[in-house]
Amino acid sequence: TKQIQGQVLDGMIDDLVMQQTAQKLGLTVTDEEVAGVIQHQSYFMDKNGKFDKAAYYKILQDHQLTAEEFENSQRRQILSQKIRSTLLDGVLITNDEVAHYTQLLQRELQAAYLSLDISTYEKEVPFKESDLKDYYDKVRGQFDHPARVKVRHIYIASPSAGTQELDGPQKNLEAYREQILSGKAKFQDLAGKYSQDESTKAKGGDLGWIARGMLRDNKDLEDVIFSLKKGEISKPFKLGNGYDIAQAEDTDKPYKSTFEEVRSKVLKQYQREKAAQKIYDVSTQLVQKLKGKEPLEKAAGELGLKSSSSVWFSRGSDIKGIKNSKDAAGELAGLYPGDWDGPL
């Protein structure tokens, strides 16, 4: 909760600073600029490369966003880019400064480092059987589930009147269904090729597990998929502004867990949560010490942690002993000796 509160506060402060900076620089973002950016984003376009308003609203709905929320987020991004561009345009850099910075980046470096591995802390979490049972009582809903179905679907939007046959989507979906039933094609291949649901098309129409009650806003789809047996494919049915066929890949009955059945999962989740909290507490203390300019080795030792020292490395290379550390090497290359720029 403290982390979330901190993130929300940081976000509010960032927004306020950005608004004040934009006012000082005389920068604004018009509705036309927001519309222009959105209309050129590929996932909102139809097959002809034109903005598809229906697809736009459907994708936002799939991601539980309102148009106002999404457009405000786009407005903030555009404003941030304008501020950055304006400030950079006003920065004058001499040739000597460029040469000095280039020389700085080309140095050979050594770094003190440590890693907080959650799996190590998990093994050290003590517990009593009564602790696990109390924890299970609090989170047991995570281990239960209502009836559910694993679903794929193919969606085709209805054409506007006068452009083509209005029953075209139904005929196409019926043809796809016959191909699948006859073994001439696979459901996921046809979904990947023909479905107009952009949020699932790349996954072969996969909607994943749908639990009873999840589709309260789409009762027609829920009624269809829960009427199917495992492996069965529905006939074309009306869905929103188009038509759909769905396949039940698997089904699962309602499940009510008991502590004995899920004890191993409860234990693993309990230990992971406790370990995550321990890491958060330790890292918070460590950050305060590093902000106070304590050397990492000394700060780590005071918290019972062990730090290491790297071999020599340069910008653009991995740091030996640290996986996937090329980006970290690049960030460290821009610092002076003794500097620390936050967790990597």
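Two strands pair if DSSP finds at least two bridges between them. Helices (H or I, at least four residues) and strands (E, at least two) are DSSP runs, numbered from the N terminus. With those terms in hand, welcome to a tour of a predicted model, in which local features need pLDDT of at least 70, side-chain atom pairs count only at pLDDT 80 or more, and totals for chains, interfaces and linings use all residues. Residues are numbered from 1 along each chain as its sequence is written, and side-chain values use heavy atoms, with hydrogens and water left out.

- Four strands make an open sheet in the order 4-3-6-5, with antiparallel pairing.
- Strand 4 (206-211) and strand 5 stand at the edges with a single partner strand each, so one side of each has no neighbour in the sheet.
- From one strand to the next, the twist averages 45°; for such angles, axes are lines fitted to C-alpha atoms (for helices over the stretch in contact), and values run from 0 to 180 degrees between N-to-C directions.
- As background, strands of a sheet pair through backbone hydrogen bonds, either parallel or antiparallel.

**Strand 3 and its partners**

- Strand 3 (residues 148-157) runs antiparallel to strand 6 (residues 242-252), and 10 bridges join them.
- Along this pairing, Ile 154 faces Ile 245 in strand 6, and Lys 150 stands opposite Asp 250 in strand 6.
- Strand 3 is also joined to strand 4 by five bridges, again antiparallel.
- Here the bridge partner of Lys 150 is Trp 209 in strand 4, while Arg 148 has Ala 211 as its partner in strand 4.
- Seven of the 10 residues of strand 3 are buried, so this strand is largely enclosed by the rest of the structure; buried means under 20% relative accessible area, exposed means over 50%, and partly exposed is in between (1.4 Å probe, protein chains only).
- Helix 9 (residues 187-194) lies across strand 3 and strand 6, running at about 40° to strand 3.

**The hairpin**

- Strand 5 (residues 237-239) pairs with strand 6 in the antiparallel sense over three bridges.
- Within that pairing, Phe 237 stands opposite Asp 244 in strand 6.
- The two strands form a hairpin with two residues between them, and Gly 240 in the turn has a positive phi of about 60°.

- Ala 147 sits in the loop between helix 7 and strand 3.
- Its relative accessibility is 23%, so Ala 147 counts as partly exposed.
- Which residues does Ala 147 touch, not counting residues up to four places away in sequence? They are Ile 210, Ala 211, Arg 212, Phe 226, Asp 252, Lys 253 and Pro 254, where contact means heavy atoms within 4.5 Å.
- Ala 147 and Lys 253 are 106 residues apart along the chain, yet their C-alpha atoms are separated by 4.6 Å.

**Nonpolar cores**

- A nonpolar core is a set of buried Ala, Val, Leu, Ile, Met, Phe, Trp, Tyr and Cys residues joined through side-chain atoms within 4.5 Å.
- The largest nonpolar core has 17 residues, of which Tyr 121, Leu 132, Tyr 136, Phe 143 and Val 266 touch the most other members.
- Helix 7 (129-139) and helix 12 (259-291) are the elements that give two or more residues to this core, and helix 12 provides the largest share, eight residues.
- Apart from this core lies another, of 15 residues, among them Val 34, Tyr 56, Leu 60 and Ile 78.

**The largest pocket**

- On a 1 Å grid over the protein atoms alone, a pocket is an open set of points where a 1.4 Å probe fits, with protein on both sides within 12 Å along at least five of seven lines; lining residues have an atom within 4 Å of a point.
- The lining of the largest pocket has 45 residues, of which Lys 58, Asp 62, Tyr 155, Gln 196 and Asp 197 lie nearest its centre.
- Helix 3 gives the most to this lining, with six residues.

**Two loop residues with positive phi**

- Lys 293, in the loop between helix 12 and helix 13 (296-302), has a phi near 70°, a positive value in a residue other than glycine.
- Asn 324, in the loop between strand 8 (313-314) and helix 14 (326-333), has a positive phi near 50°.
- Lys 293 counts as exposed at 63% relative accessibility, and Asn 324 is exposed with a relative accessible area of 78%.
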